[in-house]
Amino acid sequence: MGYQWRHFNIVLCYVILSSGVWTWRTVLWVAIGWTVGISLGMLSCIYVATLHENDLWFSNIKEVEREISFRTECGLYYSYYKQMLRAPSIQQGLSELINDNATESKRTINLLRRMNIYQEVFLGVLYRILPIQAYLEPVYFYIYTVFSLQAVYVIALFITSWLLSGSWLAGALTGVWYILNRVDTTRVEFTISLRENWSLPFFALQIAAITCYLRPHLKPIQQKVVLWLMFLATLCFCLTWQFNQFILLVQALIFFTLDCLDLISTEQVTCLYLVQVSSLLSVWLLQFCNSMILGSLALSFIVAALFVKHFQRGLKTGGLAARLGKLLLHTVLVLALTFTINYLAKQALQLRSDEHIFKFIKSKFGLGPTRDFDASLYLCEEAFGLLPLDTFDRLAGTLLAYPYLVTLIVLLVMLALVTLANLCDSSAVGRPPKGRCEARPICMRADVAYNLLHTVFFGLLALGTMRMKYLWTGHMCAFAAYGVCGKELWSLCLNMIHCNTKTKLRLIRYTLPLVILCFLYYKFWPKLMTEVSELREFYDPDTVELMTWISSKTPKKAVFAGSMQLLAGIKLCTGRVLTNHPHYEDRALRERTKQVYQIYAQQSPEEVHGILRAAGADFVVMEDSICYERRHGRGCRLRDLLDLANGHIMDGPGDNDPDLVHATHPRFCESIKTDGPAYTALFTRVFQNKTFHVYKLKRGKKRAKADREPVAMEDRTQ
């Protein structure tokens, strides 16, 4: 983690160097700013760590309970950290990850190529070589590292708002807002291993670097340093999250818009594009030439934008009508070339791993098939729905929404006026944005313009998909704080009432954030103290019983089938082989998952047995919470999605499409519990409790020696 702190200092040093004439008061003021920023980062880290401990009583529960608390895909990722620690050597651990045959039965996959787990590898190596084993348990080393990244996140947001406004009070307001709006800014305390919790701090660092790079009066040496910081932050962001390409696509569209509106120079937009390309290609190499990166829309768009920009001369010449026509043609050419390059790349690479994401997007807008199983899995989850309206109530309760909306509206109006002036002023072609800004009454700095478009683009993304709000709300805190403390907005307001003086401007910029901070302290400090004092305890006896039974009563090489979420926990807690898992970015795995899920469909025992045998399963785990699901409404329950995909009429009262037919067999997960002859001939119940039912598949005469181990039957139904 040391390198990122060194680069933090580079950005902070630039803040100091750009502040003008030095006095002892300036040094003291900046030193206080540094102290406040680091303190808020540490406070955020301690806050989420305390909530995690208090919610689970993590320090007092058993190891298996700690591992079960890593729910769904979190458990899968953490299992590779655990695997690195248990390997005889670092080299052996890496070899096992590169040639893994336990994550997907009957397949050998390169996990470093398929998944973004370099962070688990790095922490596993670090824990082995550091002399901390006697003082810190492996699980605490892991979770404290993730919580420490929250400090990095807050400090990066602090820097961004400081750079935009010129006052560290904006950074203080940003950090406080981030902490108070924890429900909407992060979910790290209960989803520790999620890839976004690793990547978003680096994304915030990258935004801070971009903001610094686009500031005026930056010296060439400073530009190079900031570009290197930008590259490292982008590289770490891309390396730690599989959805990096889609986020970089949105960011590339922002750069494209800034370029079209003549708000940044050609050199700047080219450097920004090249940073993205070099980061993506570096990750492509580190992930053993992962074809998803070469076939990404982000890479295709950047190549198309640079190509068209190079050959389309005179784009920014002529009158308003001529320039609008050229921009329209330029946009059409870039988009057409983007989709052409992307199509050809995917055909050449035979890439279909990311098609489920595009199916989801098409279905979300009503452009794709409504019965597609993969798309429906996403569409039926609340996290992939529209942003709930109560989000804005919570943001307004902390006074974040009001300055954010005012700042957004005012800057959008200013952006429209500046853009119109740029398009009408043909004499400004060739002049840098900084020179044009000095000659106009209303102008907009490039760094402000980027952050404005950033919050607009990612705000629209969050409104359309709730899970994406974490890309937006953190930056929203920095953007709103800039509106409260920024010089430009208050100067504009004071000019409108003809009373703009340095004293009044300074009084408003320093008084208003202090008043807001005092109000927030008075209103929310008691609530925070109450929240961190609430004590709960982990309680999931049925899952603990299941994991204990699997560990003690089944062969170590046994293969388990079941739901993706449960199997991730089985791999972490027991080390058994899986048929499928939650990392969904592989077409063959998605097909297998759909097949394994036929245990919850209306299928014959022979059909289900054949599917599970083809996947190599020895045991199948069925969950009552899925078989009799009530969390989703009719049409979104897993059994409904399977029925629709199979062309069967759904259970329960309600309408069905006319082309659906009645299934010829009852629902497997229900009927197998009757112990009918057709089921007992193929399956043997070996474990059950109030939540889970485990069946062993009966095999033919040819059986492996490992499969002859006896399996004890336990019936603990209460």
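Buried here means under 20% relative accessible area, exposed means over 50%, and partly exposed is whatever falls in between, using a 1.4 Å probe and protein chains only.

A quick word on the model: it is predicted, so local features need pLDDT of at least 70 and side-chain atom pairs count only at pLDDT 80 or more, while totals for chains, interfaces and linings use all residues. Residues are numbered from 1 along each chain as its sequence is written, and side-chain values use heavy atoms, with hydrogens and water left out.

Now the salt bridges, where a side-chain nitrogen of Lys or Arg sits within 4 Å of a carboxyl oxygen of Asp or Glu.

| Pair | N to O distance |
|---|---|
| R182 and E189 | 2.5 Å |
| R631 and E381 | 3.4 Å |
| R667 and D643 | 2.7 Å |

R667 and D643 are both buried. Salt bridges with shared partners also join E104, R107, R114 and D586 into one network. As for the R182 and E189 pair, R182 counts as buried because its relative accessible area is 12%, and E189 does too, at 10%. In the remaining pair of the table, E381 is partly exposed at 28%.

On to helix 9, residues 168-180. Helices are DSSP runs of H or I with at least four residues, strands are E runs of at least two, and both are numbered from the N terminus. Helix 9 reaches 18 Å from its first C-alpha to its last, close to the 18 Å expected at 1.5 Å a residue; the expected span is 1.5 Å times one less than the number of residues. It's mostly covered, with 12 of its 13 residues buried. Those buried residues pack (contact being heavy atoms within 4.5 Å) against several helices, among them helix 2 (24-56), helix 8 (138-165) and helix 21.

Helix 21 spans residues 401-424 and holds L405, which is partly exposed at 45% relative accessibility. A416 is in helix 21 as well, and it is partly exposed at 48%. Along the chain, A416 and L261 are 155 residues apart, yet their C-alpha atoms are separated by 9.6 Å.

Last, the strands. Strand 4 (residues 683-688) has 5 of its 6 residues buried. It pairs with strand 5 (residues 692-697) in the antiparallel sense over 5 bridges, pairing needing at least two DSSP bridges. T684 has K696 in strand 5 as its bridge partner, and a hairpin of 3 residues joins strand 4 to strand 5.
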